[in-house]
Amino acid sequence: MNQFEPLVSVVSGEPLASSLVIAQGMRARHKSVIQLVRQHATPLQEFGPLAFEMRVVKRPQGGGSPTEYAMLNEQQAALLISLMRNSDDVVAFKVRLIREFYRMRDALNQRAQNLYQQLQALVAEEVETQVKASFGSRLMLERKRAIPELRKRRERLEHEIQPTLTLN
């Protein structure tokens with residue numbers, strides 16, 4: 001496993017942690033962690049579908065082999081690590097992992113809020129041009145010229161906001 005792999009990665013707008021990262025952080029063999037995932041698949045799936053992938057994992061002595069790993073959302077990762085034995089190192093990793101999930105969720109929420117603020121400003125700008133257009137033909141012409149750009153910007157913002165709506 002890459003030692004620089006983040007604790008939590010955003011995949012399709014959702015923060016996820018791999019079983020490889022969890023195994024490394026818990027100082028456990030990945031084989032044991034993936035067995036624990038399979039053993040407790042039913043309760044883990046109460047928090048969403050389990051996603052398994054394959055990755056070539058490089059060995060310290062060189063070479064590598066395909067390894068199956070699981071990508072877990074915040075609730076699944078929290079449940080999995082709660083099932084593992086505690087030591088000082090394990091507790092420290094649990095704290096780091098949970099803190100990283102919260103940090104990632106806050107960053108995604110901040111981005112969504114920024115997009116909503118941009119959309120609100122755009123709607124206000126659109127309303128302003130409508131008001132101006134009602135005062136005269138010259139202003140109406142300005143509004144007609146502004147409409148395509150306003151629509152394009154609105155569509156872009158709505159498109160960027162849409163994936164974040166599925167997080168909540």
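Modeller: In the largest nonpolar core, which has 25 residues, the ones that touch the most other members are Ile22, Met26, Leu72, Leu80 and Leu97. A nonpolar core here is a set of buried Ala, Val, Leu, Ile, Met, Phe, Trp, Tyr and Cys residues joined through side-chain atoms within 4.5 Å. Buried means under 20% relative accessible area, exposed means over 50%, and partly exposed lies in between, with a 1.4 Å probe and protein chains only. This is a predicted model, so local features need pLDDT of at least 70 and side-chain atom pairs count only at pLDDT 80 or more, while totals for chains, interfaces and linings use all residues. Residues are numbered from 1 along each chain as its sequence is written, and side-chain values use heavy atoms, with hydrogens and water left out.

Helices (H or I, at least four residues) and strands (E, at least two) are DSSP runs, numbered from the N terminus. Helix 5 contributes the most to this core, with five residues. As background, nonpolar side chains tend to be buried together in soluble globular proteins.

Leucine 80 shows how the elements come together. Not counting residues up to four places away in sequence, Leu80 touches Ile22, Val33, Leu36, Val37, Leu44 and Leu72; contact means heavy atoms within 4.5 Å.

Seven of its eight residues are buried, so helix 1 is largely enclosed by the rest of the structure. The buried ones are Ser19, Leu20, Val21, Ile22, Ala23, Gly25 and Met26. Serine 19 lies in this helix and counts as buried at 0% relative accessibility. Neighbours within four places in sequence aside, Ser19 is in contact with His30, Val33, Ile34, Tyr69 and Ala70.

Next comes the packing of this helix on its neighbour. Two packed helices are described by the angle between their axes and the distance between the axes. Helix 1 (residues 19-26) and helix 2 (residues 30-39) pack at an angle of about 125°, and their axes are 9 Å apart. Helix 1 is therefore oblique to helix 2. Angles under 35 degrees count as roughly parallel, over 145 as roughly antiparallel, 65 to 115 as roughly perpendicular and the rest as oblique. The axes are lines fitted to C-alpha atoms, for helices over the stretch in contact, and angles run from 0 to 180 degrees between N-to-C directions. The crossing of helix 1 past helix 2 is right-handed; a crossing is right-handed if the near helix is turned clockwise from the far one by less than a right angle, and left-handed if anticlockwise.

On the helix 1 side, Ser19, Leu20, Ile22 and Ala23 meet His30, Val33 and Ile34 of helix 2. By class, this contact has five nonpolar, two polar and no charged residues. Ala, Val, Leu, Ile, Met, Phe, Trp, Tyr, Cys and Pro count as nonpolar, Asp, Glu, Lys and Arg as charged, and the others, Gly among them, as polar.

Arginine 27 sits in the loop between helix 1 and helix 2. Arg27 has a positive phi of about 55° although it is not a glycine, and at 65% relative accessibility it counts as exposed.

Phenylalanine 52 belongs to strand 3 (residues 51-58) and is partly exposed, with a relative accessible area of 30%. With neighbours within four places in sequence left aside, Phe52 is in contact with Ile34, Val37, Arg38, Glu68, Tyr69 and Ala70. Glutamate 74 is in helix 4 and is buried, with a relative accessible area of 17%. Again leaving aside neighbours within four places in sequence, Glu74 is in contact with Pro15, Phe101, Tyr102 and Arg105.
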